[in-house]
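This report goes through selected local features of the structure shown below.

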Amino acid sequence: MKLTLKIWRQKGPKEKGRFETYKVEANPHMSFLEMLDVLNEELIAKKEEPVTFEHDCREGICGTCSLVINGQPHGPNKGTATCQLHMRHYKDGDIIVIEPYRAAAFPVLKDLAVDRSAFDRIIQAGGYVSVNTGAAQDGNAIPIEKEQAARSFDAAACIGCGACVAACPNASAMLFVSAKVSHLALLPQGKVEARRRALAMVKQMDAEGFGMCSNVTACEVECPKEISVTNIARLNREYLSSAVASETKV
Amino acid sequence: MNCNVTAAWRASRRGAYMANPCFTQIHPTCIPQSGDYQSKLTLMSESLRNDGRVWVPKSQEDAKAIREGKKTGNDIKEENRDYFLERRYPAFGNLVPRDVASRAAKVACDEGLGVAPTGLAVFLDFQDAIMRYGKSKAHSMGLHNPGDSKIRELGEQVVEEKYGNLFEMYEKITGENPYKLPMKIYPAVHYTMGGLWVDYNLETNIPGLFAIGECNFSDHGANRLGASALMQGLADGYFVLPYTIGQFLSQEIRTPKFDPDAKEFLDTEKDTRERLERMVNVKGNQSVESFHRRLGKIMWDYCGMSRNADGLKKARKMIQELREEFYRDVFVPGAINDYNPELEKAQRVADFFELGELMVVDALDRNESCGGHFREEYQSEEGEALRNDEDYAYVSAWEYKGWDEDPVLHKEELVFENVELKTRSYK
Ligand code: SF4
Ligand code: FES
């Protein structure tokens, strides 16, 4: 199939970007990123600069791929990361617009790659648990109800891709932060830091310049891991209780 | 490409030994290749072989018809199917180890029985599991005389509970519904058991350089077992290193802060800059990707599921020639101070040339078949791996001597105190 791509090109963080149009011949078995690989090989053959985009695992588990495809982060399919999107969902003659995530807290580095280190700093602020190294703990000493474990697991499925931010008109990172907080808050292992975690992470989130949540819930729709907005409610509860209970000033 | 050997390889270039590089695990249950543009062969979890039955058609005509899309797996009658793992390994059936299952699939495809357009795929079929689970579910629900379609419906539910994620992933990639049509799978490279040589404290031969997790060679021998890579990362990090690194650090407590302008740092920076400049300055005509693919093909063909001395010798020469061509004709766009993924990739591929050659050298040294390393010259009459414990019960730890010089082999003998060294039979 012949496709027309309109791709955002931007040399660096401080440069002005613009859309460039490319033609590419794809086949339906390709993944979306493989289609971009093919385009890049053609550009390189012409001694032009390839399009910079991010990717790693290419199977929907690492959160490195991004892209806003025809206005939707990670493209049209539900519960699917860009790397899992296949060209069989497009047809001959389609025009596809490909942009980077747009959010003040995710500045464009080059072309379609944005700097998502703000997420790393949020995790550093509180997205961890302390564990003793040395000897293995007795698993039976920390019983967890199956339902509870499943809820935690669902939250832990967040791959930190940032699509929720890109989808949100306020560029809020609430879904991401709530997934990370919930994942730990629901488990006994997360109790040690519970009093400061939500407070510290939300504080960092605000410092990074993410917007406020106004319950649009576009994040849930675009999230490749289908993280539920009920996590945001849990984050709010955790935030409140850690604000009340916190001993340390954060 | 982000999964690469760079850190370990750079350590090896500075004197850390690289151990057992030829032990590569080829995983049997990957989604087969669909074209040249493909960036990876996605792995499907091993657990599928618990319930899936692996087969190919008995006749080449049927296989051909399937490849051409004139028939599907469902059109092949039971008696015309060869459940080759169950036939060859009745005791273990579909659950034989990865290397054995992979080689058996290759043998079937080499005989012209492959079922994908490329000829490189075998079936992994869940029909029997679906019906079996369906029957027992119907029974436990107290349904009398449920029809086939009811049984199938119930069975599909059970299979979905167990493998739903994997089936969904398969369908996303291939566009085929594995509940209705047998899956197609083919072996692909999965894991390198080798890595930096370490002692029991996880310290390499360079004092103070510790290597933990997948980058060292220590846990897996010639064939890794399922889930043990994750286990190794956890065990090394939680339970070993905390006890061992302290010993080293305790002696360093009075070491003053390093001066970043020390000669070593400046020299390394200069080396790095020169290496990067060398790559962008080639300004040749071939992309980094094209070299990566050609190297991959050499490794797969000659140092993959089965190897032999002639092929390995040939491969070594081909790699050396390809590497020369790379430094003569690669095209790396952009500059060295930009955010430049192509330049990054070029360096990774440059490392792969050197590691690839070492894998071949190691495979050539090991005149036996062992785990993931199958040398065609060393097999039983039935085509099973023949180990040679008398001469090869050692870890090969290779010392780098320069990119155009032969590496030096150091042997660490394997001494077993509490167990006896034996070959397991899967028959
Ligand atoms: S919540 Fe969903 S969209 Fe947001 S970072 Fe996590 S996986 Fe990505
Ligand atoms: S590349 Fe890892 S999730 Fe897409």
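Leaving aside its neighbours within four places in sequence, which residues is Asn20(B) in contact with? With those neighbours set aside, the contacts of Asn20(B) are Gly194(B), Phe217(B), Asp362(B), Arg366(B), Tyr394(B), Val395(B) and Ser396(B). The residue sits in chain B, in the loop that runs between strand E1 (18-19) and strand E2 (24-30). Asn20(B) has a relative accessible area of 6%, so it is buried.

**Confidence**

The model is predicted. Its scores are ipTM 0.90 and pTM 0.91. For chain B the mean pLDDT is 94, and 100% of the residues in that chain reach 70 or more.

Helix H1 of chain B spans residues 6-13, and its buried residues are Thr6(B), Ala8(B), Trp9(B), Ala11(B) and Ser12(B). Which elements are included in what covers the buried residues of H1(B)? Among them are E1, strand E7 (195-196) and helix H12 (341-365), which belong to chain B. E1 is also the strand at one end of the loop that holds Asn20(B). Just after H1(B) comes Gly15(B), with a positive phi of about 115 degrees.

**Salt bridges**

Side chains of opposite charge can pair when their charged atoms come close. How many salt bridges does the count come to over all chains? The total is 51. Three of these pairs are listed here.

| Pair | N to O distance |
|---|---|
| Arg102(A) and Glu99(A) | 3.2 Å |
| Arg49(B) and Glu46(B) | 2.7 Å |
| Lys150(B) and Glu153(B) | 3.7 Å |

In chain A, Arg102(A) is partly exposed at a relative accessible area of 38%, while Glu99(A), at 19% relative accessibility, is buried. The cut-off for buried is under 20%, so Glu99(A) with its 19% falls on the buried side.

For the pair in chain B that involves Arg49(B), the arginine is buried, with 4% relative accessibility.

Lys150(B) and Glu153(B) share an element: both are in helix H7 of chain B (residues 148-174), and three residues, about one turn of the helix, separate them. Lys150(B) is partly exposed at 32% relative accessibility, and Glu153(B) is partly exposed with a relative accessible area of 39%. Elsewhere in chain B, one network of salt bridges with shared partners joins Glu289(B), Arg293(B), Glu342(B) and Lys345(B).

**A helix pair in chain A**

Two packed helices are described by the angle between their axes and the distance between the axes. In chain A, the axes of helix H3 (residues 146-156) and helix H5 (residues 174-185) come within 8 Å of each other, and they cross at roughly 150 degrees. Are H3(A) and H5(A) roughly parallel or roughly antiparallel? Angles over 145 degrees count as roughly antiparallel, so H3(A) and H5(A) are roughly antiparallel to each other. The crossing in which H3(A) passes H5(A) is left-handed.

Which residues meet where the two helices pack? From H3(A) there are Ser152(A), Ala155(A) and Ala156(A), and these meet Ala179(A), Ser182(A) and His183(A) of H5(A).

Note on methods. Residues are numbered from 1 along each chain as its sequence is written. Chains are lettered from A and ligands numbered from 1 in the order in which they are written. This is a predicted model: local features need pLDDT of at least 70, side-chain atom pairs count only at pLDDT 80 or more; totals for chains, interfaces and linings use all residues. Side-chain values use heavy atoms; hydrogens and water are left out. Helices (H or I, at least four residues) and strands (E, at least two) are DSSP runs, numbered from the N terminus. Buried means under 20% relative accessible area, exposed over 50%, partly exposed in between (1.4 Å probe, protein chains only). Contact means heavy atoms within 4.5 Å. A salt bridge is a side-chain nitrogen of Lys or Arg within 4 Å of a carboxyl oxygen of Asp or Glu. pLDDT is the predictor's confidence in each residue, from 0 to 100. Axes are lines fitted to C-alpha atoms, for helices over the stretch in contact, and angles run from 0 to 180 degrees between N-to-C directions. Angles under 35 degrees count as roughly parallel, over 145 as roughly antiparallel, 65 to 115 as roughly perpendicular and the rest as oblique. A crossing is left-handed if the near helix is turned anticlockwise from the far one by less than a right angle, and right-handed if clockwise.
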